[in-house]
Structure formats: C-alpha cells, structure tokens
Amino acid sequence: MMSMKAVKLLLLLCVICFSVVSKTVICEPPPTCPANLDDGECGSEDSGEWEGEFFPGIPKIKYEGPTSKNPLAYKWYNPNEEILGKNMKDWLRFSVAFWHTFRGTGGDPFGAPTKMWPWEDGTNSLAMAKRRMRANFEFLEKLGVDRWCFHDRDIAPDAETLEETNANLDEVVALAKELQGTKIRPLWGTAQLFMHPRYMHGGATSPEIGVYAYAAAQVKKAIEVTHYLGGENYVFWGGREGYQTLLNTDMERELDHMARFFEAAVAYKKKIGFNGTLLIEPKPQEPTKHQYDWDAATSANFLRKYGLIGEFKLNIECNHATLSGHSCHHELETARINGLLGNVDANTGDPQVGWDTDQFLMDVNEATLVMLSVIRNGGLSPGGFNFDAKLRRESTDVEDIFIAHIGGMDTLARGLRNAAKLIEDGSLDKLVRKRYQSFDTELGAQIEAGKVDFELLEKKAMEWGEPEVPSGKQELAEMLFQSAM
Ligand code: XLS
Ligand code: NI
Ligand code: NI
C-alpha cells in the first residue's frame, strides 16, 4: 500500500491539477512514485518479469530506399553505404537518449503524463528500472543502433543515502553491461545534477559546500559507470549552473568553483584510466535564467581562461543553439573552428515556440547544414549524434517511438548525402574562395601572417584609391545550396 505521505502528495497534486488546469483534464495519479518508496504499489519488487518481446510486431528496421512507403523502414539511412570515403554509420554514430525515450511521460507544466508504455508498472522501483533497461536494449537491437546515452538517475532510482543510491546504480549498470554484449556501448554518460531539490542553486556552482561535494561524488560515480560500460564520452550539462539574479550571486566565485570542479573531473578521469572525451553542453537558459555555458563561444572562452582547452570538447545541441539566438550551423562552426566540435545533440526547436521543445530534427535543409560542418570536421568520432529528442505529448503509440527515431535518422542521412553532393560539386566552395581572392596575393598573405602595419596599409589605400567592392552573391549561394536538396 501507499504510505500516507504519498497519498497526501497525490491529493495535493489533484488539487493543483484542478485549480490550475481546466476542469476537463482528468486528474490521474502520476505514473511514477517518489523514488524511495518501495512498498505496495509504489515500487513493489513483485511486479514480475516481463514475458516475451517489449515491441511485438515491430521487425528489425531495414533500409528499403527512397521509394519505400513503409514507415518502419529506412529510406535514406543505409548504414554500410560509403559516402566520401566513410560508411554512413561511421559518419553518423547514432545514439538513443534513455531519458527521453524511456523516461519521457508526455507530461508538461500544464498537464498530466500522456504516455504509459505497456511495460511500465507506474513505479520507480529497481525492478522497473531493470525491466526498462531490457526494453532499451530490444529497442536498440531492432533499430540497428549501437549506442545509447544516459543520466545516472534515469536508469536507476534515487534512494535515502548516497551509498544506497550508488548500489541501485551498480545493480542496473551490471544488467546494462550484460545486455550490451560486444557491440553496444554508451556514446556518453552523465550525472543528473538538476532534478533533485538539493541542486536548486546548482551543483558545482552552489554556494553550499555540501552540495558541491555531493555533486562531485555523483559525477565521480557517473564517470566510473560510464567507463565500466565502455562509454566513449562523458557530458556535463549545467542545467542549474547559473543564476536567477546577480543580486544574490558572486558570479566570479561561482565560475571559479565550476573550473575547479572540472579540473577535479579531469584528474579523476585520468586516475581511473577513462580515455573518453569530456564534453560541455552549452545552453543559454532554462531552467535557470542564465546558464554559465551560454553558447559555444562563451564555453570556449571559459575553457581558455581556466587552461582547460585541451581537456574538453563541446556537445552542441541544435535546440540550445536557437535558444541562444544562433543557428545550429553557427554553433557547430564556432565549435569546429576552435577545435572543439565533439558531439551533436541532434534535435530541433519549434520556430514559433521559444523553449527547449526537443523535437526530432525532420528538416532536410537544416540537416544538410549540420552535416556540412560535421564533414568539414572530419566526422565526430569518438563523438556522434545523440537524439536528445522526445515524442510529442500527443504521440502515444508504441510504434511512434520507432517512427520518430527512423525519421530523425533518415533526415540526417539525407543531410549527409546532400552535403556530400555539395562538397563533391565544389561550386559553393568556389564561390566562397572567390569572395576572398583579393587576399590570395602577396600582401594578403603578409596580412594573414600578421606582418603588415597600419603605415603600409595607409600607403596602399592611397595608392589604390576607392576600392571596387564586388557582389556577395547570396542568392547564388542559396541557389547552389538548394540544387543539392
Ligand atoms: C537539456 C539538455 C540535457 C542534456 C543532458 O536541455 O539537453 O538533456 O543533453 O543532461
Ligand atoms: Ni542535450
Ligand atoms: Ni536540451
């Protein structure tokens, strides 16, 4: 049976539900219970082993080519097809995000969860965590994807103490290791330092030293399990590393603390022999008003200031790029030209909605721009593409989980094909080179080598007179780009 505390919590939720949202909303109990309740309906261990397949009727997804009308087939993603000297699967290195795909409920600030997958029993028990992990691996196998990503707390429940929580994590991780077999690995792991109330002022930037220590302990453990599972990267997304108002914040001290925290992570990674790349994931705001890793340029400056530039790369998320007022292409190029492009959280926002809607990227133009940067970067390995994307609240069929991933994968695969066409054709590159041809001269080379002073430039300006300024050819560039779509 549920404890009195849980019953009271449910009643409270119902009251809020009825007073905030219109009366037509049915107020049902939330599908997960507080993590540390393991009695009765909340977290029972006797929920039974799952019999048979989690996705019956869904076949192994295959490539059928662009003429296929089968929603459960790839039309553009042909894993072993070679593009620009590399197989598509090696350019793309797809990864499924455990949190959206297996913990996403469809709930939003105004409404109750809409999804209750058949394998869920409404609890956050350890037994449920293990069953969900089995569903994850059947999903990966059927989709034909070899990588997955996780936060510590999405895969295993929190407990009363850190020791017990770590023990829960160990138990689920042991199962994941077994289910991974020889082929599947985490693209990355991370620690969830934003959900629990202790992190309300941040983890590494919390003014409370006990929280700083707790966050460190959590990251230490998350790096260990990522290493144990053979993960190739480790991500830091500082959802609460920022501020709500500068009036109560010592920004300089918080940034110094964050740098010390990252230094300790680097030292620990080396100590345990974890060779994966450490990645910082920029985001300007949400949940905090201001996040310190605002965008790629801000993060690069932070890494440079604290001497961490060789130790980290960036994980660029397209929806975060647009929240910071940039395009995804801009963020990817900023990371790339600074030698920091490590991974892509492949999702997109809605052009009419101003928050992190985490949608599957289905726009071929956008995907082509993304792939142009990735090709110019020589690929992302050991990084890849992680679908930090969730089904819409209204998409509630089990097959929708497959359709969303297939659509996202096909869109990036199509982007890869288009970007390769553009690069092989060379017209766009030629247009760009031509714009700068006046610098392909002796004087241009001297300027670029930092050998020309203002006196010489003044002499040239007087000698040459008023310069002839050529057309930028933007519409021609756009026409060339479109010709590859
Ligand atoms: C949230 C972030 C998060 C990170 C992983 O906006 O995108 O999902 O990718 O912590
Ligand atoms: Ni992300
Ligand atoms: Ni995000």
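How exposed is K473? K473 is partly exposed, with a relative accessible area of 43%; buried means under 20%, exposed over 50%, and partly exposed in between (1.4 Å probe, protein chains only). The views below show a predicted model, in which local features need pLDDT of at least 70, side-chain atom pairs count only at pLDDT 80 or more, and totals for chains, interfaces and linings use all residues. Residues are numbered from 1 along each chain as its sequence is written, chains are lettered from A and ligands numbered from 1 in the order in which they are written, and side-chain values use heavy atoms, with hydrogens and water left out.

**View 1. The site of the nickel ion (ligand 2) is octahedral.** Its protein donors are E281 (OE), E317 (OE), D345 (OD) and D388 (OD), at 1.9 to 2.1 Å from the ion. Donors are N, O and S atoms within 2.8 Å of the metal (3.2 Å for Na, K and Ca); water is not among the atoms, so sites may look incomplete. The angles among the six donor atoms run from 82 to 173°; six donors count as octahedral if opposite donors are over 155 degrees apart and all others between 65 and 115. Along the chain the donors have the spacing E-x35-E-x27-D-x42-D. E281 lies in the loop between β10 (277–280) and β11 (290–291) and E317 in strand β12 (residues 312–317), so the pair ties together parts that are 36 residues apart in sequence. Helices (H or I, at least four residues) and strands (E, at least two) are DSSP runs, numbered from the N terminus. Both E281 and E317 are buried.

**View 2. E317 coordinates both the nickel ion (ligand 3) and the nickel ion (ligand 2).** The two ions are 3.7 Å apart. Protein donors of ligand 3 are E317 (OE), H320 (NE2) and D356 (OD), lying 2.1 to 2.4 Å from the ion. Their spacing in sequence is E-x2-H-x35-D. H320 is buried, as is E317.

**View 3. T123 makes polar contacts through its side chain.** One reaches the side chain of D121 at 2.7 Å, and another, of 3.1 Å, joins T123 to the side chain of S125. A polar contact is a pair of N or O atoms within 3.5 Å; within protein, one must be able to donate a hydrogen and the other to accept it, and residues adjacent in sequence count only if both atoms are side-chain atoms. T123 sits in the loop between α3 (98–103) and α4 (126–143) and is buried, with a relative accessible area of 1%.

**View 4. L84 and K473 have a positive phi.** Most residues other than glycine have a negative phi, and most peptide bonds are trans. Phi of L84 is near 45°, and L84 is found in the loop between β3 (82–83) and β4 (86–87). L84 is partly exposed, with a relative accessible area of 32%. For K473, phi is about 60°; K473 lies in the loop between α16 (454–464) and α17 (474–483).

Notes. Four donors count as tetrahedral if all angles lie between 85 and 135 degrees; four count as square planar and six as octahedral if opposite donors are over 155 degrees apart and all others between 65 and 115; anything else is irregular.
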